[in-house]
Amino acid sequence: MTWTDFAALMGFIALCVLVASSGAVFKPGAWYAGLTKPIWVPPNWVFPVGWSVLYVMIAVSGWLVWREVGLRGAPLVFALYAVQLALNAGWSAVFFGLRRMGAALGELVLLWLSIAGLIAAFAPISATAAWLLGPYLLWVSFAGALNLAVWRLNMSPAKQAYQAGGK
């Protein structure tokens with residue numbers, strides 16, 4: 001690995017760390033703890049562990065494509081890569097920050113579509129990069145099911161007032 005390759009990999013990792021920081025800014029907190037959740041919700045520790053592994057995989061997948069074609073070699077592919085990262089970062093803000101579970105679910109649908117599109121775009125360039133995104137797509141699928149379940153379990157007018165007012 002050359003220094004340029006190493007620097008690029010660190011750049012992709014730094015970008016994913018920046019995206020992950022939205023989870024540190026918009027934390028679940030007392031509001032989320034007070035929500036009714038399905039019995040199949042994982043323990044809280046699973047989320048940071050799972051996301052840490054996924055962010056490394058997302059960074060490496062982008063880096064592998066970069067090594068094959070460079071940023072200028074696939075500008076639309078890397079634009080899609082940036083879109084999925086922005087959507088990823090935005091979910092925490094919508095769900096935990098704004099407390100808008102329905103909007104967060106819609107945002108997750110867009111994220112899911114962007115990941116599926118990115119897998120399709122990465123596949124002809126690097127099959128490994130595309131495969132590295134598979135667990136991410138599965139995790140976001142699970143997150144969507146969980147988002148939907150939590151939203152449905154907390155749709156009573158009293159709970160909606162609590163969510164909107166933060167009381």
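Start by selecting D5: at 15% relative accessibility it counts as buried, because the cut-off for that is under 20%. Keep in mind as you go that this is a predicted model.

The side chains of R67 and D5 meet in a salt bridge, with 3.9 Å from N to O. Colour the helices and you'll see that D5 sits in helix α1 while R67 belongs to helix α3, so the pair ties together parts that are 62 residues apart in sequence. R67 has 47% relative accessibility, so this residue counts as partly exposed.

Click on F6, which is found in helix α1, spanning residues 3-25. With 36% relative accessibility, F6 counts as partly exposed.

Last stop: the largest pocket, with a volume of about 690 Å³. To find its centre, select F47, W51, W91, S92 and F96, the closest to that point among the 28 residues of the lining. Then show the helices around it: α1, α2 (29-33), α3 (46-73), α4 (75-97), α5 (101-122) and α7 (134-153) each give the lining at least two residues. What is the lining made of: how many nonpolar, polar and charged residues? Colour by residue type and you get 20 nonpolar, 7 polar and 1 charged.

How values were computed. Residues are numbered from 1 along each chain as its sequence is written. This is a predicted model: local features need pLDDT of at least 70, side-chain atom pairs count only at pLDDT 80 or more; totals for chains, interfaces and linings use all residues. Side-chain values use heavy atoms; hydrogens and water are left out. Helices (H or I, at least four residues) and strands (E, at least two) are DSSP runs, numbered from the N terminus. Buried means under 20% relative accessible area, exposed over 50%, partly exposed in between (1.4 Å probe, protein chains only). On a 1 Å grid over the protein atoms alone, a cavity is a set of points where a 1.4 Å probe fits but cannot get out, and a pocket is an open set with protein on both sides within 12 Å along at least five of seven lines; lining residues have an atom within 4 Å of a point. Grid points are joined across faces, edges and corners, and a volume is the space filled by probe spheres set on the points. Ala, Val, Leu, Ile, Met, Phe, Trp, Tyr, Cys and Pro count as nonpolar, Asp, Glu, Lys and Arg as charged, and the others, Gly among them, as polar. A salt bridge is a side-chain nitrogen of Lys or Arg within 4 Å of a carboxyl oxygen of Asp or Glu.
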